[in-house]
Each structure stands twice: as structure tokens, then as C-alpha cells.
Amino acid sequence: MNYNQFLVWNARGLNSRACRTAVRDIVVQERASVVCHQETKVAVFSVSMINELMGPDFDYASLPSVGVSGGVLIRWRRDLWRGSNSTVATFSVSVLLTPIDGADVAECWLTSVYGPTDHSLKEGFLAELEGLASSCPRAWLICGDFNLIYQAQDKNNDRLNCRLMQRFRRTIDGAPLD
């Protein structure tokens with residue numbers, strides 16, 4: 001089995017059965033062993049929703065949405081990965097993933113984020129990322145929807161917040177490398 005099939009998906013809502021079925025079909029087709037969803041728009045995952053979305057082969061950790069925005073879900077195949085030390089913060093979910101059978105795959109921290117769209121919350125989001133970087137002592141993979149711009153060419157118009165862009169760049173560039 002391929003341990004390295006990670007799928008990161010900005011779901012834009014997992015509330016409809018049709019959407020959950022489509023997501024599950026792609027996860028099966030791609031043989032993903034770890035899946036990160038951002039913008040789930042789900043406040044509470046019921047048992048039936050989880051079963052529709054994942055089936056019995058996955059464990060998960062989630063951050064509920066606030067109203068109809070946000071939400072993060074990380075899921076991993078329980079026959080391939082052991083998830084431990086999961087942490088749910090304001091804008092992110094982190095989990096320590098350890099391969100089950102001792103395969104030649106490194107243990108790593110995985111963080112999935114959904115950054116705020118409200119500019120007044122972005123400084124808090126960046127502070128959360130900085131705190132996460134210092135609390136993940138092993139290899140660390142961070143993914144998701146940051147809702148921030150790293151460089152000007154990433155933006156589709158010329159309305160840039162240069163101060164936030166520089167802070168985001170300093171935050172990402174300052175993260176420890178393994």
C-alpha cells in the first residue's frame with residue numbers, strides 16, 4: 001500500500017450527501033491514505049456523515065465550522081497510520097502520524113489549516129502558526145487554505161495588504177526545516 005498518497009482538498013462544504021459521496025469516490029479512486037479537508041462548513045460530524053464520507057477504514061480529527069464557514073477535517077487510514085496527540089486549535093487541526101507496520105516512512109506532524117477571511121483575525125492566525133511550528137519537533141507538513149498571499153503574483157488583482165503579506169512570509173520562512 002502506498003503510504004504517500006496525501007490528498008488536500010478545499011471542500012467548500014460537506015453537508016450534502018451527494019458531496020460526501022463524490023469526495024469518498026475520489027479518495028477511493030486515488031487510494032489516499034491521508035486526507036485533509038478545509039472549509040467543511042460542518043459544525044458537528046454525525047456518525048452517519050462520517051460513515052458516508054470515510055467508511056470504516058479511517059480515523060479522524062476535526063475542527064468544527066463556525067456558522068457556515070470554516071471547518072477542518074484530517075482523516076487517516078487506520079490500517080496504515082496511527083494518529084496521536086491530535087490538537088484542535090482556533091484555525092487548525094494537527095495530528096502526529098506514525099506508520100503502523102514500520103514501513104520506510106517517517107513519522108510526521110500534519111497540520112491542516114483554514115485561515116480566517118476576516119482581516120482582524122489574521123494576526124491571531126499567524127500567531128497560531130508560529131506556536132504550532134515550535135510545538136512540532138519532528139518533520140512537519142502544513143497544508144490547507146491560508147487565506148493569505150505569500151507573494152504579489154499569487155493575487156489576481158492589485159489590492160494587496162503588504163504588511164500581512166510580509167508577516168505571512170516571515171511566519172512561513174521562519175518555520176523550522178527538518
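1. Start with the rings: Phe91, Phe125, Phe146, Tyr150 and Phe168 are joined into a cluster by ring pairs. Bear in mind that this is a predicted model. Searching the whole structure turns up 5 aromatic pairs.

2. Phenylalanine 6 and tryptophan 81 have ring centres 6.0 Å apart and planes at 85 degrees, so they are edge-to-face. Phenylalanine 6 belongs to strand β1 (residues 6–10) and tryptophan 81 to strand β5, so this pair ties together parts 75 residues apart in sequence.

3. Tyrosine 150 sits in the loop between β8 and α4 (162–174) while phenylalanine 168 is in helix α4, so the pair ties together parts 18 residues apart in sequence. Tyrosine 150 is partly exposed, with 28% relative accessible area; phenylalanine 168 is buried, at 6%.

4. Four strands make an open sheet in the order β5-β6-β7-β8, with mixed pairing. Its edge strands are β5 (81–88) and β8 (140–145), each pairing on one side only. On average, neighbouring strands are turned by 20 degrees against each other, ignoring direction. Inside the sheet, β6 (residues 92–99) and β7 (residues 108–114) run antiparallel and are joined by 6 bridges. Leucine 96 has tryptophan 109 in β7 as its bridge partner.

5. What does alanine 61 touch? Leaving out residues up to four places away in sequence, the list is Val72, Leu73, Ile74, Trp76, Ser86 and Val93. Alanine 61 is in strand β3 (residues 58–63), and at 8% relative accessible area it counts as buried, since the cut-off is under 20%. Valine 27 is 34 residues from alanine 61 in sequence and 17 Å away in space, C-alpha to C-alpha.

6. Last, the helices. Helix α1 (residues 17–30) packs against helix α2 (residues 47–54) at about 40 degrees, with axes 7 Å apart. On the α1 side the contact uses Arg17, Arg20, Val23 and Arg24; on the α2 side, Met49, Asn51, Glu52, Leu53 and Met54. By class, that gives 4 nonpolar, 1 polar and 4 charged residues.

Note on methods: Residues numbered from 1 in each chain as written. Predicted model: local features only at pLDDT ≥ 70, side-chain atom pairs only at ≥ 80, totals over all residues. Heavy atoms only, no water. Axes fitted to C-alpha atoms, helices over the stretch in contact; angles between N-to-C directions. Helix = DSSP H or I, 4+ residues; strand = E, 2+ residues; numbered from the N terminus. Contact = heavy atoms within 4.5 Å. Nonpolar A, V, L, I, M, F, W, Y, C, P; charged D, E, K, R; others polar. Buried < 20%, exposed > 50% of the residue type's maximum accessible area, 1.4 Å probe, protein only. Pairing = 2+ DSSP bridges. Phe/Tyr/Trp six-rings, centres within 6.5 Å; stacked < 30°, edge-to-face > 60°.
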